[in-house]
Every structure is written in structure tokens, then in C-alpha cells.
Amino acid sequence: MTATPAADSAAVPRAAAPLPSPLRIALARAAVETKVLFRERDAVLFTFALPIVFLVLFASIFSGSAEGTGVTVAQLYTAGLIGSGVMGTGFQNLGIGIAGDREDGTLKRLVGLPMPRAAYFIGKIASVLVMTVLQVAILLAIAVLFYDLELPAEVSTWLTFAWVFVLGVSAASVLGIAVSGLPRSGKSATAVISLPFVVLQFVSGVFIPITQLPDWLVNAASIFPLKWMCQGFRAVFLGDAGAALELTGSYELGRVALVLAAWLVGGLVLCVTTFRWKGRRDG
């Protein structure tokens with residue numbers, strides 16, 4: 001008895017559908033992470049509101065302008081809070097979020113999926129990028145409307161903003177990924193990660209002008225990226241007049257780029273060598 005064509009076709013297994021490209025998977029993961037982020041409305045509101053509240057408070061308490069520069073206190077705080085927002089979203093929020101993903105088993109489940117592991121990190125960094133872009137836009141809009149901040153008119157200045165922003169987001173994000181392994185549990189992540197970030201804000205020129213800090217604190221802050229991020233953003237939004245407020249009388253943009261790039265590379269090394277997909281309890 002000869003086999004029918006239908007029987008022959010049933011006997012031959014169908015070829016498995018090809019997996020999407022790594023880039024497509026990464027973009028899909030980025031969309032998922034961004035949607036999840038904005039579903040947490042309380043966290044999103046807090047992230048957006050905090051720098052705005054700080055700007056309004058400090059601009060109200062410390063009115064006037066820096067002597068001999070024409071730079072208002074509100075304008076000075078705007079530049080610092082942009083740097084703080086970038087660092088906070090990338091380092092603090094991302095680090096706490098990944099620690100939570102490790103605690104609830106999300107990372108463990110993702111490892112078992114046919115998905116490039118890099119897609120998870122790309123998704124997380126993309127969500128940080130979206131959040132920081134919106135945060136900076138809102139902060140600048142408020143500073144322009146209510147505190148007479150003048151946006152740069154030169155393309156070269158906006159290019160400076162672009163590379164400081166990209167390097168800052170990238171360095172903060174990889175450091176957030178790296179630091180996510182420090183907390184012993186997801187519940188302790190907020191305390192473990194937030195404390196060093198709060199300290200860095202006070203010694204990096206966010207809340208207190210860098211020229212008013214003792215030398216040993218300035219030297220300590222100069223090791224970390226937040227001080228240089230804020231300095232780069234002051235170069236963009238305060239212009240030549242604001243350079244007099246720097247310790248060296250210059251924004252030292254070359255050193256800003258060097259330090260941020262060094263932290264980006266160092267953070268990548270830490271991520272590769274120390275990142276854990278399982279919690280401590282999982283072995």
C-alpha cells in the first residue's frame with residue numbers, strides 16, 4: 001500500500017520558525033520595560049516631581065544671583081538638578097529595580113528564555129533614557145518659564161549637552177546595573193543604594209556650590225561621575241558667566257568627558273564580572 005501525499009507531509013516535521021533578530025528582541029524588551037515603568041505611577045510621579053520640588057524650594061529660599069556673574073541661583077540649581085536627575089534615574093532607580101527583579105525571580109525566569117541576555121539590559125537602559133529625556137524637558141520648561149533660564153542658541157552648545165547627557169546616562173546606567181548586586185535582598189535595596197547617592201548630591205555641587213565645600217570633600221567628589229556631570233551641564237546652561245563659579249575658573253570639558261568615559265568603561269567591567277542573575281538564596 002502506497003502512502004498518500006497527506007501522510008507523507010505529516011511524517012516530515014515542519015522547520016521551526018526562526019527566532020527574531022537580537023536587535024528586534026532588544027527593541028521589544030525596551031518597549032516592555034518602558035511600559036512597565038510607566039505603569040508604576042507613584043514611582044514615575046516621584047521621579048518627575050522630586051527635582052521640580054527641589055528647584056522651587058531652593059529658588060525660593062536662596063533668591064538672587066551669584067556675585068559678579070549674573071547667574072541666578074535658580075539657574076545654578078537647574079543645571080545641578082539635571083545632573084542629579086540623570087544620575088538618580090540611572091544609578092538609583094535602575095539599581096533598585098534590578099535588585100527587585102532578582103528578588104522576585106524575574107531575572108531567573110528570563111535566563112530560561114531564548115532571549116539574548118543583553119536584551120534585558122538594553123531594555124532597562126532604554127527605559128532610563130526615556131525617563132531622563134522627559135525629566136530634563138520638564139525641568140527645563142519650568143526653569144525657562146518661571147526662572148528666566150535662557151536656553152543655548154549655538155548648535156555647538158547643544159552638541160556639548162548631547163555628549164554630556166549620553167555619557168552621563170550610559171555611565172549612570174551601567175553603575176546602576178553593577179550596584180544592583182550589593183543589596184542582600186530587594187527589600188534592602190532602597191537603603192543600600194539611596195544612601196551613597198544622597199551623599200554624592202551634597203558633595204558634587206547639586207545642592208551646595210562646589211566652591212563652598214572643603215577641599216577634602218571636593219577631592220572625594222571628583223572621583224565620582226556626578227560632580228563632572230553637573231559641571232558639564234553648567235557649561236551648557238550657564239555659559240561663560242558661570243565659569244567663574246568653578247574652582248578652576250573653567251568647565252574643564254575635556255576632563256568631564258574623560259571621567260565619564262572612564263566610569264562607563266569601569267561600570268561595564270563591573271557588570272560583566274559581578275552581575276548575578278540569581279538571588280543569594282538561590283545559590
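Biologist: Helices here are DSSP runs (H or I) of at least four residues, numbered from the N terminus. Where is Asp148 found?

Modeller: The model is predicted. In it, Asp148 is found in the loop between helix H6 (117–147) and helix H7 (155–179).

Biologist: Buried or exposed, Asp148?

Modeller: Asp148 is exposed, because its relative accessible area is 58% and exposed means over 50%. Its phi is positive, about 60°, although Asp148 is not a glycine.

Biologist: And where does Glu252 sit?

Modeller: Glu252 is in the loop between helix H10 (225–242) and helix H11 (253–274). Glu252 is not a glycine either, yet its phi is positive at about 50°.

Biologist: Where does UniProt place the transmembrane regions?

Modeller: The unreviewed UniProt entry places that feature at residues 43–64, 76–100, 121–146, 158–179, 191–210 and 256–277. In the model, residues 158–179 are 100% helix and 0% strand, with end C-alpha atoms 31 Å apart. Residues 256–277 are 86% helix and 0% strand, and there the end C-alpha atoms lie 33 Å apart.

Biologist: Turning to H4, how does H4 lie against H8?

Modeller: The axes of H4 and helix H8 (residues 189–203) come within 9 Å and cross at roughly 165°. Angles over 145 degrees count as roughly antiparallel, which means H4 is roughly antiparallel to H8. The crossing is right-handed. Among the residues that meet are Ser84, Met87, Phe91 and Gln92 in H4, and Ala189, Ile193, Phe197 and Gln201 in H8.

Biologist: Which members of the largest nonpolar core touch the most other members?

Modeller: Of the 68 residues in that core, they are Met87, Tyr120, Phe233 and Phe237. H4 supplies the largest share of the core, 12 residues. Apart from this core lies another, of eight residues, among them Leu76, Ala243, Leu245 and Tyr251.

Biologist: What does Phe233 touch?

Modeller: Leaving out residues up to four places away in sequence, Phe233 touches Ala79, Ile82, Gly83, Val86, Phe161, Val164 and Phe165.

Biologist: Then on to Ala79: why does Ala79 count as buried?

Modeller: Ala79 counts as buried because its relative accessibility is 0%, and buried means under 20%. Ala79 lies in helix H4. Beyond its neighbours within four places in sequence, Ala79 is in contact with Phe233 and Arg234. Ala79 and Val136 are 57 residues apart in sequence, and their C-alpha atoms are 9.8 Å apart in space.

Biologist: Last one: what about Thr78, buried or exposed?

Modeller: Thr78 is buried, because its relative accessible area is 1%, under the 20% cut-off. Thr78 is found in helix H4 (residues 73–103). Not counting residues up to four places away in sequence, Thr78 touches Leu55, Leu139, Leu140, Ala143 and Leu149.

Note on methods:
Residues are numbered from 1 along each chain as its sequence is written. This is a predicted model: local features need pLDDT of at least 70, side-chain atom pairs count only at pLDDT 80 or more; totals for chains, interfaces and linings use all residues. Side-chain values use heavy atoms; hydrogens and water are left out. Helices (H or I, at least four residues) and strands (E, at least two) are DSSP runs, numbered from the N terminus. Buried means under 20% relative accessible area, exposed over 50%, partly exposed in between (1.4 Å probe, protein chains only). Contact means heavy atoms within 4.5 Å. UniProt positions are given in the numbering used here, feature names are shortened, and annotations may be inferred rather than shown by experiment. A nonpolar core is a set of buried Ala, Val, Leu, Ile, Met, Phe, Trp, Tyr and Cys residues joined through side-chain atoms within 4.5 Å. Axes are lines fitted to C-alpha atoms, for helices over the stretch in contact, and angles run from 0 to 180 degrees between N-to-C directions. Angles under 35 degrees count as roughly parallel, over 145 as roughly antiparallel, 65 to 115 as roughly perpendicular and the rest as oblique. A crossing is left-handed if the near helix is turned anticlockwise from the far one by less than a right angle, and right-handed if clockwise.
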